[in-house]
Amino acid sequence: ETAAEIQQTFLPGTFPEANGLVGAVATVPALQVGGDLYDIIRFPDGRTGLVVGDVSGKGVPAALFGARLLSDVRYEALYHDDVGATLASVNDIVARRSTRGMFVTLLYAVYEPASRRISFANAGHVAPLVRAADGTVTRWEEALGVPLGVVPGQSYPPASRTLSPGDTLVILTDGFLDAVGPAGEQFGEERVVDVLSKGPALPIELVASLTQAVATFTGNVPQADDLTCLAVSPTA
């Protein structure tokens with residue numbers, strides 16, 4: 001219980017005010033203490049950084065690993081303008097420090113409000129999804145690299161896309177895909193896409209509808225993985 005309380009102090013409870021963005025985030029740990037992590041970084045120049053990750057393992061060791069990692073990401077994000085360079089630096093730090101074989105998948109994106117451009121790099125994480133205003137859902141599969149902490153000296157080539165008015169960017173952990181129902185069937189990406197395409201577009205409502213859909217699907221079945229969902233839309 002103490003570890004869970006400490007973990008809540010370094011994960012934002014709600015999505016903060018951000019320049020040109022409206023957003024929402026929710027996390028549901030499989031145990032009292034989860035291995036998922038997320039952060040929202042507000043840069044002095046008005047940009048917003050979005051971080052969602054999944055630490056290997058569960059419980060207190062994963063939570064402590066995640067807490068240290070978020071500190072590393074924040075420091076390196078302020079030092080590097082490039083999202084790929086940020087992940088490369090964090091990877092080297094984690095690889096040197098990881099004595100228990102722990103690693104983390106992580107998606108790091110930076111939003112520029114003037115151009116509505118998203119620059120992102122992906123360290124072995126679930127590809128982000130974008131729900132367009134008409135309900136169409138697409139995956140951003142580029143910029144994929146190895147998880148952080150596996151091998152030092154890795155590069156993470158960045159990619160960039162533009163969010164159109166009405167678009168909602170959704171960053172998930174794989175707990176949504178791997179959630180298991182009473183019949184032993186996984187929730188899977190097809191159901192995720194279906195919920196996103198048919199549900200509300202506003203981030204706070206979208207996150208709530210997806211989280212509720214998984215809870216309804218799994219019922220009382222204990223889950224092995226945490227769930228984290230972060231969604232953002234441009235305000236103009």
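**Cavity, sheet and pocket**

The largest cavity has a lining made up of V126, A127, L129, R139, L172, L177, E189 and V192. By type, that lining splits into six nonpolar residues, no polar ones and two charged ones. The space inside the largest cavity is about 40 Å³. Counting cavities of 30 Å³ or more, the structure holds one. Please keep in mind that this is a predicted model.

Now the chain as a whole. It has 236 residues, and 53% of them count as buried. The secondary structure consists of six helices and eleven strands. Take the contacts between residues at least 6 apart in sequence: 71% of these join residues at least 24 apart.

Next, the sheet. Five strands form an open sheet, in the order β1-β11-β10-β6-β7, and the pairing is antiparallel. Which strands stand at the edges? They are β1, residues 21-28, and β7, residues 137-139; each has a single partner strand, so one side of each has no neighbour in the sheet. On average, neighbouring strands here are turned by 20° against each other, ignoring direction.

Inside that order, look at β10 and β11. Strand β10 covers residues 168-172 and strand β11 covers residues 227-234; the two run antiparallel and are joined by four bridges.

Helix α6 packs on it and touches β1, β6, β10 and β11. The direction of α6 makes about 20° with that of β1. Helix α5, residues 188-198, lies across β6, β7 and β10. Relative to β6, which spans 129-131, α5 runs at about 30°.

How much space lies in the largest pocket? The value is about 190 Å³. Its lining has 13 residues, and the closest to the pocket centre are V28, A215, T218, Q223 and L227. Helix α6, residues 203-218, gives the largest share of this lining, with four residues. Sorted by type, the pocket lining has eight nonpolar residues, four polar and one charged.

To put the two linings side by side: the largest cavity has two charged residues and no polar ones, while the largest pocket has one charged residue and four polar ones. As for α6, this helix touches β1, β6, β10 and β11 and also supplies four residues to the pocket lining.

That is what I have; questions are welcome.

Conventions. Residues are numbered from 1 along each chain as its sequence is written. This is a predicted model: local features need pLDDT of at least 70, side-chain atom pairs count only at pLDDT 80 or more; totals for chains, interfaces and linings use all residues. Side-chain values use heavy atoms; hydrogens and water are left out. On a 1 Å grid over the protein atoms alone, a cavity is a set of points where a 1.4 Å probe fits but cannot get out, and a pocket is an open set with protein on both sides within 12 Å along at least five of seven lines; lining residues have an atom within 4 Å of a point. Grid points are joined across faces, edges and corners, and a volume is the space filled by probe spheres set on the points. Ala, Val, Leu, Ile, Met, Phe, Trp, Tyr, Cys and Pro count as nonpolar, Asp, Glu, Lys and Arg as charged, and the others, Gly among them, as polar. Two strands pair if DSSP finds at least two bridges between them. Axes are lines fitted to C-alpha atoms, for helices over the stretch in contact, and angles run from 0 to 180 degrees between N-to-C directions. Contact means heavy atoms within 4.5 Å. Buried means under 20% relative accessible area, exposed over 50%, partly exposed in between (1.4 Å probe, protein chains only).
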